[in-house]
Amino acid sequence: MPSDDALRYIKDTLGQMKNPVRLAVFTSESGCAQCPDVLDLARSIKSRSTKIALEAYDFTMDRDKTEQYGITLTPSVVVQGAEGRSVTLCGEIDGIMLSLLLEAILAVSGGKAWFPDSIGNALKLLERDVHIQVFVDLDCPLCKPVAETATGLAMESGLIHTEIITADDFPELRDRYQIATPPKTVFGGNLHLDGHVSESTFLEMIFKAEGLRPMESVRRCAVCGASSADIICTACKSKIQAEAVDHKRRDEKFKRAGAA
């Protein structure tokens, strides 16, 4: 059962919801110590807002849903936004993971504009699915902004599939990706970045993972189309970062105004 402080945080956050949001929870009856707690948390969230639609599935028995949502780990909680776009949180939901879950619910409910247009326009060039995994620790403040960016990218493009993973709950993945200190971000299963990842670097890594025009002798910037040795030219990188910082500042100002 969530703590009293967590329940108050949940109630205060859900009270700001505008539109319904769907949560899908996947658990397993064997080999999943965190599953009962995550299911209890999801039910507590559901009980505190009529705008939450909760679906609970067994990883093994509900194989059609497992495949539909692309679930490979339990426990997993899927927050589904517009046009079926979603983000999946895997492992224990506490600390920053609880904050990420509630913020995703609130953002989806309010139809949040995650990024400035320059990022959305660049993502329209994607042609194939890209899988992003962000490994976090529950008490890691540096992990949160990286996970938020990955979440926003999944909500901007139906071709981006983001998992936010509590690293300690999946030691086999922690060993496979040699995760010493989160955050660690994995793009497409084989491209890794440790620590903070800026919005422009996220875009570059997404296009690399997708394999965008890898054999072109003359490359062009994915954003502006100018000749560039890099997937995103230097000018666009600077513009994207400046716009992203300004967007975040306005978003934080809006959050503070709403809280007041």
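Phe-187 and Phe-202 are both buried, meaning under 20% relative accessible area with a 1.4 Å probe and protein chains only, whereas over 50% is exposed and anything in between is partly exposed. The two rings form an edge-to-face aromatic pair, 5.5 Å centre to centre with 70° between the planes. This pair links distant parts of the chain, with Phe-187 in strand S7 and Phe-202 in helix H8 (residues 199-210), 15 residues apart. Rings of Phe, Tyr and Trp (its six-membered ring) pair if their centres lie within 6.5 Å, and planes under 30 degrees apart are stacked, over 60 edge-to-face, and the rest tilted. Helices (H or I, at least four residues) and strands (E, at least two) are DSSP runs, numbered from the N terminus.

Keep in mind that this is a predicted model, where local features need pLDDT of at least 70, side-chain atom pairs count only at pLDDT 80 or more, and totals for chains, interfaces and linings use all residues. Residues are numbered from 1 along each chain as its sequence is written, and side-chain values use heavy atoms, leaving out hydrogens and water.

Back to the rings: the count comes to 4 aromatic pairs. One of them joins Phe-26 and Tyr-57, a tilted pair at 5.3 Å centre to centre and 35° between the planes. Phe-26 sits in strand S1 (residues 21-27) and Tyr-57 in strand S2 (residues 52-58), so this pair ties together parts that are 31 residues apart in sequence.

S6 gives the largest share of the lining, 4 residues.

Most residues other than glycine have a negative phi, and most peptide bonds are trans. Yet the bond from Thr-74 to Pro-75 is cis, with omega near 0°, and Pro-75 lies in the loop between H3 and strand S3 (76-80). Another cis bond joins Pro-182 and Pro-183, with omega about 5°. Pro-183 is in the loop between helix H7 (171-176) and strand S7 (184-187). Gln-178 lies in the loop between H7 and S7 too, and its phi is positive, near 50°.
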